[in-house]
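The points below may be read alongside the sequence and the model.

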Amino acid sequence: MTTAATLLLWPHPPPPALVRCVDLAGYAWKAAAGDAGAGTGPPVTEGSWAAAVVSAEADPEGAVAFCRALRRGNGTPPPLLLVVGAGHLPALDVREQLWDDFCLSPLEPQELELRLAQLLWRAGRSGGHPELVEHGGLVLNRETYQAAVAGRPLDLTYMEYELLKFLATHPGKVFTREALLSQVWGYEYYGGARTVDVHIRRLRAKLGEEHAGLIGTVRSVGYRFGQARWGAGTA
Amino acid sequence: MEHPKDYVLRTVEERRVRFVQLWFTDVLGAPKSIQITPAELEVALDEGITFDGSSIDGFSRVQESDVLARPDARTFQLLAHLADGAPTARVVCDIVDLDGTPLDGDPRQVLRRALDRARDLGFSFFAAPEMEYFYFAGPGRPGDAAGGVAPPVPLDHGSYFDLTTNDLGSELRRQTVLALEEMGIPVGSNQHEDAPSQHEVDLRYTDALTMADTIMTVRVVVKELAARRGVIASFMPKPLAGVQGSGMHLHLSLFRGDTNAFYDEEDDHHLSGVARRFIAGVLRHARELTAVTNQWVNSYKRLIVGYEAPVYISWARNNRSALVRVPPTKAGRRDSTRIEYRAPDPACNPYLALATVRTAGLAGVERGYDLPAPLVTNLYELTADERRALGIEALPGSLGDAVAELEQSKLMADALGEHVFEWFVRNKRAEWNDYKAEVTPFELHRYLPTL
């Protein structure tokens, strides 16, 4: 049931400072359950996570064990970001295969957000089909500009395609209308910010009832791609 | 602007599109299309396609006849339901002179200009129409000479909200709504209307330029899908005497960025000062713009007392005899605060109609017009004296009256631009004179035996 948009956090419960940063960055997350020290715990290897953020602040050795377990799990391991205090940096030495990037604690929220974005962007490019963006039955081909849902091609206008591509390449993140307008349209359009709603509505209509929930409405904030597990969003 | 072009070219290739229709609209709102093949598309996107503008009503004078149709790549859309085996797409065009200057006669330019002005004031203008139309049993394909003369025959005798079974009209409407949804034109609601075989499709709001393109698309899709079943779909304002005609109520709102400029928490009716002055502007200039929103002789056979069409210039919260209605919105739905302008009919040119209504409304906002008190009684029940006492004027009663009002209007001349304004007045006066010269069946029936 987990969507690829969700981050996996460790330990359980995650440190409050980390939770605050991840929430600020707009990602959905779940904490890893199970006994991390033993390197097991079913949720870790089940489902697909957009990325894992592991805090080594309180228990560096436990964190390393958890990273190792994650790397050995079934399927493709998610990209891994380590949060580590400056004093524990030596523990990372010669273990570079265990993590993809790290952040020093105390955390700077914007730094974590940027590093996560970079990590997800790299991960999105490094698969077998770098031009494909896949999510919950939706496939976007960035090379041919084509989109399909459940194998059915979508007849999108250019702006609908660009909006869907932007959302699908930033799953789980909440964007305000203004942010989408400046990121996707990039110029002053007749419709203003309200035009984003119009395009979201058109996209949902084209996605069809079953997949319209891929684009969720976050009340009085904006939109988020990939929250299907909480049911269809409504405009 | 490279990306939209690449997108269009790749999509045409990937989806094996065989024909691309370049759509534009003449001054009277007739859809026009130049069909090209994918091989010609890249040049069309880069440079536009040349055609003889003097062959299009209202476009250009004979001596400057060559013009360019330049596709607006952002409007590219596959026409999934209109293709018979050969995938077809459409793209809406702006019309420009050979040197690239927007053509004065292009209605899309008229609306663009009006929206640019709204944007300069910090507003974006949104519109949502309720489009009414009839299905008639077709003796043949639309356009057959024989089809136009006999009174049209409705497909059924249903009425408002009827849940009719086994009804070709309702089946066609359902197909149309599905086709529109797949083209990304969300339909708010759709229903059987009051009159036999009359149907209504309500569209969800978009910015006004997109909406004008969309209204043209809806008219084409409705007619095309009907024609395939041997049925005539008509947006004629009053095709049948004795039952209500087809209107196109326009729901309008102004936004400032994310915020509905028509909404005010403090106001009793949740109407802002901007909304009040906008309504005042529309009311004050209604007579001047009626020739545009109701542009045919036949339009004025709809705007009569007794058929839920507006006749008198007034506004009300929830009174369907008023020209402007402010629909009640659910608590907290500030974004849906809007006004409903009830005069236009679906046979208008949507670009010009939206441009003139916007101009009238914003004139009210800019010049600070005062809004008269809302109407609380049923206007149709008042006597002429009572109306005069209340200071309530009527809309023009005929195309002739409406053109005379338009011709006097400096504001509408500015809104339409000198070229369209002059051409339109000339064309409509000629139509009115043609009509005046007719001897109608009404006169023969009534007068010949006795006079």
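1. A:Pro106 is found in the loop that runs between β5 (101–105) and α4 (109–125) of chain A. In this predicted model, the peptide bond that joins A:Ser105 to A:Pro106 is cis, with omega about 0 degrees.

2. A cis bond also links A:Trp10 to A:Pro11, with omega near 0 degrees. A:Pro11 belongs to the loop between β1 (7–10) and α1 of chain A. As background to this point and the one on phi values below, most peptide bonds are trans, and most residues other than glycine have a negative phi.

3. After the helix comes A:Gly26, which has a positive phi, near 90 degrees.

4. The contact between the two chains deserves attention next. Chain B contributes 29 residues to the contact, and chain A contributes 23 residues. On the side of chain B that touches chain A, the elements giving two or more residues are α1 (2–14), β5 (77–78), α3 (107–120), β7 (124–137), α4 (168–182) and β10 (206–207) of chain B. Of these, α1(B) gives the most, with six residues. Sorted by class, this side of chain B holds 12 nonpolar, seven polar and 10 charged residues.

5. Which residues of α3(B) meet α9(B)? From α3(B) they are B:Pro107, B:Arg108, B:Val110, B:Leu111, B:Ala114 and B:Ala118. Their partners in α9(B) are B:Tyr351, B:Leu352, B:Leu354, B:Ala355, B:Arg358, B:Thr359 and B:Leu362. By class, the residues of this contact of α3(B) with α9(B) comprise 10 nonpolar, one polar and two charged.

6. The geometry of that helix pair may be stated briefly. Two packed helices are described by the angle between their axes and the distance between the axes. For α3(B) and helix α9 of chain B (residues 350–367), the angle is about 25 degrees and the axes are 8 Å apart. Angles under 35 degrees count as roughly parallel, and α3(B) and α9(B) are therefore roughly parallel to each other. The crossing in which α3(B) passes α9(B) is left-handed.

7. Two residues of chain B other than glycine have a positive phi. B:His270, with phi near 60 degrees, sits in the loop between β13 (259–260) and α6 (273–284) of chain B. B:His270 has 19 other C-beta atoms within 10 Å and is partly exposed, given that a residue counts as buried with 20 or more. B:Glu308 also has phi near 60 degrees, and its place is the loop between α8 (299–302) and β14 (315–316) of chain B. B:Glu308 is likewise partly exposed, because it has 14 C-beta neighbours inside 10 Å.

8. Finally, B:Val153 lies in the loop between β7 and α4 of chain B. Is B:Val153 buried, exposed or partly exposed? B:Val153 counts as partly exposed, with 14 C-beta neighbours inside 10 Å. Residues up to four places away in sequence aside, B:Val153 touches B:Phe136 and B:Ala137. B:Leu240 is 87 residues from B:Val153 in sequence, with a C-alpha to C-alpha separation of 9.1 Å in space.

Conventions. Residues are numbered from 1 along each chain as its sequence is written. Chains are lettered from A and ligands numbered from 1 in the order in which they are written. This is a predicted model: local features need pLDDT of at least 70, side-chain atom pairs count only at pLDDT 80 or more; totals for chains, interfaces and linings use all residues. Helices (H or I, at least four residues) and strands (E, at least two) are DSSP runs, numbered from the N terminus. Two residues are in contact if their C-beta atoms, placed from the backbone, lie within 7 Å. Ala, Val, Leu, Ile, Met, Phe, Trp, Tyr, Cys and Pro count as nonpolar, Asp, Glu, Lys and Arg as charged, and the others, Gly among them, as polar. Axes are lines fitted to C-alpha atoms, for helices over the stretch in contact, and angles run from 0 to 180 degrees between N-to-C directions. Angles under 35 degrees count as roughly parallel, over 145 as roughly antiparallel, 65 to 115 as roughly perpendicular and the rest as oblique. A crossing is left-handed if the near helix is turned anticlockwise from the far one by less than a right angle, and right-handed if clockwise. A residue is buried if 20 or more other C-beta atoms lie within 10 Å of its own, exposed if 12 or fewer, and partly exposed in between; C-beta atoms are placed from the backbone.
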